[in-house]
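Thank you all for making time this morning.

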Amino acid sequence: MADILHRIGVTAAPEDVYTALTTVDGLSRWWTVDTDGDASPGGVLRFRFAPGGFDMSVLEAIPGTRVLWEVVDGPEEWKGTRIGFDLKREDGFTVVLFRHEGWREPVEFMYHCSTKWAIFLMSLKRLLETGTGEPAPHDVRISNWH
């Protein structure tokens, strides 16, 4: 198994970061504008990108602390993987420990997704610090896969 791991610090309260990770409005302002669904535990969130998308079952949503999803639909490489955000306060920052875990093997798509996750986490940071994120389709194009 292989995992994608990232760490960012945001100059916003954990509650604000949590809201950006657990509401359709928040998620659509940093990841993809085409977001809908139920962000509460047991719900399913749908994220659409051109062409395709992902459906996530919300496994955990602990206010100001943790968000955990499982991919239930999307590309084969993503199905069954888990995406987690752990939050902690440190030196005036809310530190976001991100992981996309459970990849069966480190295929080329994983390399692409690692870079795109970093871009979207920076979009989350910008949203919380400036009020404006760069969700898809306004994100940075990194290759022919977008």
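Let me begin with S57, which is buried at a relative accessible area of 17%, where buried means under 20% relative accessible area, exposed over 50%, and partly exposed in between, with a 1.4 Å probe and protein chains only. Before I go on, please keep in mind that this is a predicted model, in which local features need pLDDT of at least 70 and side-chain atom pairs count only at pLDDT 80 or more, while totals for chains, interfaces and linings use all residues. Residues are numbered from 1 along each chain as its sequence is written, and side-chain values use heavy atoms, with hydrogens and water left out.

S57 sits in strand β4, which covers residues 52–62; helices (H or I, at least four residues) and strands (E, at least two) are DSSP runs, numbered from the N terminus. If we set aside residues up to four places away in sequence, S57 touches G43, V44, L68, W69, E70 and V72, contact here meaning heavy atoms within 4.5 Å.

My second residue is D86, located in strand β6, residues 82–90. D86 is partly exposed, with a relative accessible area of 24%. The C-alpha atoms of D86 and V67 are 6.6 Å apart, although 19 residues separate the two along the chain.

Now to the chain as a whole. What order do the elements follow from the N terminus on? They run β-α-α-β-β-β-β-β-β-α, giving 3 helices and 7 strands.

For 146 residues, a compact globule would have a radius of gyration near 15 Å, and the protein chain agrees with that at 14 Å; the radius is taken over C-alpha atoms, and the globule rule is 2.2 Å times the number of residues to the power 0.38. Along the principal axes, the C-alpha atoms fill a box of roughly 40 × 30 × 25 Å. Buried residues account for 45% of the 146 residues, and among contacts between residues at least 6 apart in sequence, 47% join residues at least 24 apart.
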